[in-house]
Amino acid sequence: MTGKRKAVFLDRDGVLNLPLVRDGKPYPPATVTETQIAGDAPSSLLRLKQHGFLLLVVTNQPDVRRGATSPEQVEEIHEFLSSQLPLDGFFVCYHDDPDNCPCRKPKPGLLLQAAALHDIDLPGSYLIGDRWRDIDAGSAAGCRTVLIDYHYHERGAATPPGAIVSSLSEAADWILKQEK
Ligand SMILES: [Mg+2]
Ligand SMILES: [Zn+2]
């Protein structure tokens, strides 16, 4: 037995809050006012938390690097989400592809940072995301993965997700079933 905790890593946009979709492509909310929490998020997260999972958000926010928003605005959204949902931490990549950082998903850096800080059992943990970058980051970190499929007009993950579902509550159902 190790004392390591299990986590559910949660992508933010399209998982905790609704994506803003234009031309089949999802966009993050720019402000708290635009941030609409998914209706099934509070109950789904509570079920996962009651099972003993740490709930850690891992999110790419490249609009900061692109100058479309600021870290302060992103943090304001995170304070809002924290006030409404039982989350245990946020891990954010503010970079874009040319920065070649180790944290922008599909790289596993955010999950590895979180795992080091919270002493996480990665193979016993899960990632829930709505895009290929999330799924590939979760797989690269050695976690099991669940895709909430909104049928965006974009490529699929290089590694197939463990499950494909249509909502956060279905993702929680699948994870809790694996734990039985
Ligand atoms: Mg997303
Ligand atoms: Zn980064």
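Okay, let's start with one pair: the side chains of R133 and D97 form a salt bridge, 3.6 Å from N to O (the term covers a side-chain nitrogen of Lys or Arg within 4 Å of a carboxyl oxygen of Asp or Glu).

Quick housekeeping. What you see is a predicted model, where local features need pLDDT of at least 70 and side-chain atom pairs count only at pLDDT 80 or more, while totals for chains, interfaces and linings use all residues. Residues are numbered from 1 along each chain as its sequence is written, chains are lettered from A and ligands numbered from 1 in the order in which they are written, and side-chain values use heavy atoms, with hydrogens and water left out.

Back to D97. It is partly exposed, with a relative accessible area of 46%; for the cut-offs, buried is under 20% relative accessible area, exposed is over 50%, and partly exposed is in between, with a 1.4 Å probe and protein chains only.

So what else is R133 tied up with? R133 and D97 belong to a salt-bridge network that also takes in D63, R66, D96 and R104. Let me zoom in on D96, which lies in the loop between β5 and α3. Its side chain meets that of R104 in a salt bridge, 3.8 Å from N to O. Buried or exposed, that D96? Buried, at 14% relative accessible area, and R104 is buried too, at 9%. The D96 side chain also makes a polar contact of 2.8 Å with the side chain of R66. By that I mean a pair of N or O atoms within 3.5 Å; within protein, one must be able to donate a hydrogen and the other to accept it, and residues adjacent in sequence count only if both atoms are side-chain atoms. Leave out the neighbours within four places in sequence, and D96 touches P62, R65, R66 and R104, with contact meaning heavy atoms within 4.5 Å.

Now R65 has a partner of its own: its side chain forms a salt bridge with D99, 2.8 Å from N to O. This one also links distant parts of the chain, 34 residues apart, with D99 in the loop between β5 and α3 and R65 in the loop between β4 and α2 (71-84). D99 is partly exposed at 28%, and R65 is partly exposed at 47%. The whole structure has 15 salt bridges, by the way.

On to the metals. Which residues hold the zinc ion, ligand 2? The protein donors are C93 (SG), H95 (ND1), C101 (SG) and C103 (SG), at 2.0 to 2.3 Å. Donors are N, O and S atoms within 2.8 Å of the metal, or 3.2 Å for Na, K and Ca, and sites may look incomplete because water is not among the atoms. Why call this zinc arrangement tetrahedral? Because the four donor atoms subtend angles of 97 to 120°, and the tetrahedral label needs all angles between 85 and 135 degrees. Along the chain the spacing reads C-x1-H-x5-C-x1-C. C101 is buried at 7%, and C103 is buried, also at 7%.

The magnesium ion, ligand 1, is coordinated by D11 (OD), D13 (O) and D130 (OD) at 2.0 to 2.1 Å. Those donor residues follow the spacing D-x1-D-x116-D. Both D11 and D13 are buried.

Next, helix α3, residues 109-118. G109, L110, L111, A114 and A115 are buried there, and the buried residues of α3 pack against β1 (7-10), β4 (54-60), β5 (89-93), β6 (126-129) and α4 (132-140). Just past the helix, D119 has a positive phi of about 55°.

Zooming out: the protein chain has five helices and eight strands, in the order β-β-β-α-β-α-β-α-β-α-β-β-α. Its C-alpha trace spans about 45 × 35 × 30 Å along the principal axes. Of the 180 residues, 48% count as buried. And among contacts between residues at least 6 apart in sequence, 65% join residues at least 24 apart.

Terms used:
Helix = DSSP H or I, 4+ residues; strand = E, 2+ residues; numbered from the N terminus. Tetrahedral: all angles 85-135°; square planar, octahedral: opposite > 155°, others 65-115°.
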